[in-house]
Amino acid sequence: DSTCGPGESTASCPSDCPGVTTPPQCGEEPHSDPQGNAVVDGRGHHVASAAACCDACAAHAKKSPKRPCNSWVFCYKPHCWSADNGNTHLFGECWLKWQSDAAHPLYGQRGAYTDGYRRANRDKHLNGKYPEASNPEWVGATKAWGEAHGTAPFGVAPGSRRNQSVPTHVSWMGGVMGATVDLHVSWTTDEHGTMRSSAGDTIVDYRPWESREQNLKRGVKPEQMKF
């Protein structure tokens, strides 16, 4: 029902939880990864909540008028699964991004992963190791976790082997500042990066590393080819 209700959790109801936890001006869409040029790299910027990440975006916008933060992404799990398997994204990562046209927001992934996506990416985080306890990213993540969850166990051990399968839903909370989000519309992301909504919309993921011709051939709309 798009609401994380009493007795529900990210474990028991991943489609609804954690739900929206920020004020309306944050434009939050659960299980989403808004695109944009990173103006603050989340791997060195950890906060305790999505609301704190939104606040950081608003503060950045006031100080940086040329490329102000207008979209943000927050990792709410100990390890947030991602397609870039060379990185391990940990709790509290707060990515601040700038999109050139926030009135027409861009997303890299949204909602639930299809079975095809999960099969195609099944082994991306089944190898490698978590950072050591002295690693600044680990220090920042565990500090933010303690601020958010007190003495609750972090869930993964420093230096241990990564062993995470693809989750059912995007492991991030994100928002485009000022955007209006219809929480009754659900999304899926498939193995080609195509996002489809329950309202009938289809969005093909824009890949900035590809040429304009390659993006157009995959079905990307011209108005999407910008950050």
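Predicted model: local features only at pLDDT ≥ 70, side-chain atom pairs only at ≥ 80, totals over all residues.
Residues are numbered from 1 along each chain as its sequence is written, and side-chain values use heavy atoms, with hydrogens and water left out.

**Exercise 1. A strand and its surroundings**

Work out how strand E4 (residues 71-75) is enclosed, and find its pairing partners.

Solution. Start with the terms: helices (H or I, at least four residues) and strands (E, at least two) are DSSP runs, numbered from the N terminus. Buried means under 20% relative accessible area, exposed over 50%, and partly exposed in between (1.4 Å probe, protein chains only).

Step 1: 5 of the 5 residues of E4 are buried, so the strand is largely enclosed by the rest of the structure.

Step 2: take the two faces in turn. In a regular strand the side chains alternate between the two faces of the sheet. Here Ser71, Val73 and Cys75 lie on one side, Trp72 and Phe74 on the other, and all are buried.

Step 3: look for partners, bearing in mind that two strands pair if DSSP finds at least two bridges between them. E4 runs antiparallel to strand E7 (residues 94-98), with 4 bridges joining them, and Phe74 stands opposite Cys94. With strand E10 (residues 172-176) there are 5 bridges, again in the antiparallel sense; there Val73 faces Gly174.

**Exercise 2. The two sides of a helix**

Check the length of helix H1 (residues 50-63), then say which residues are buried and what they touch.

Solution. Step 1: the expected span is 1.5 Å times one less than the number of residues. For the 14 residues of H1 this gives 20 Å, and the end C-alpha atoms are 20 Å apart, which agrees.

Step 1: the buried residues are Ala50, Cys53, Cys54, Ala56, Cys57 and His60.

Step 2: Asp55, Lys62 and Lys63 are exposed on the face turned away from the buried side.

Step 3: with contact meaning heavy atoms within 4.5 Å, the buried residues of H1 pack against strand E3 (37-40), E4, E7 and E10.

**Exercise 3. Aromatic rings**

Count the aromatic pairs and classify Phe74 with Phe91 and Tyr113 with Tyr117.

Solution. Step 1: rings of Phe, Tyr and Trp (its six-membered ring) pair if their centres lie within 6.5 Å; planes under 30 degrees apart count as stacked, over 60 as edge-to-face and the rest as tilted. By this rule there are 7 aromatic pairs.

Step 1: Phe74 and Phe91 have ring centres 5.8 Å apart and planes at 75 degrees, so the pair is edge-to-face. These two residues are 17 residues apart, with Phe74 in E4 and Phe91 in the loop between strand E6 (89-90) and E7. Phe74 is buried at a relative accessible area of 3%, and Phe91 is buried at 1%.

Step 2: Tyr113 and Tyr117 are stacked, 4.2 Å centre to centre with 10 degrees between the planes. Both tyrosines are buried.

Step 3: ring pairs also link Phe74, Phe91, Trp138, Trp145 and Phe154 into a cluster.
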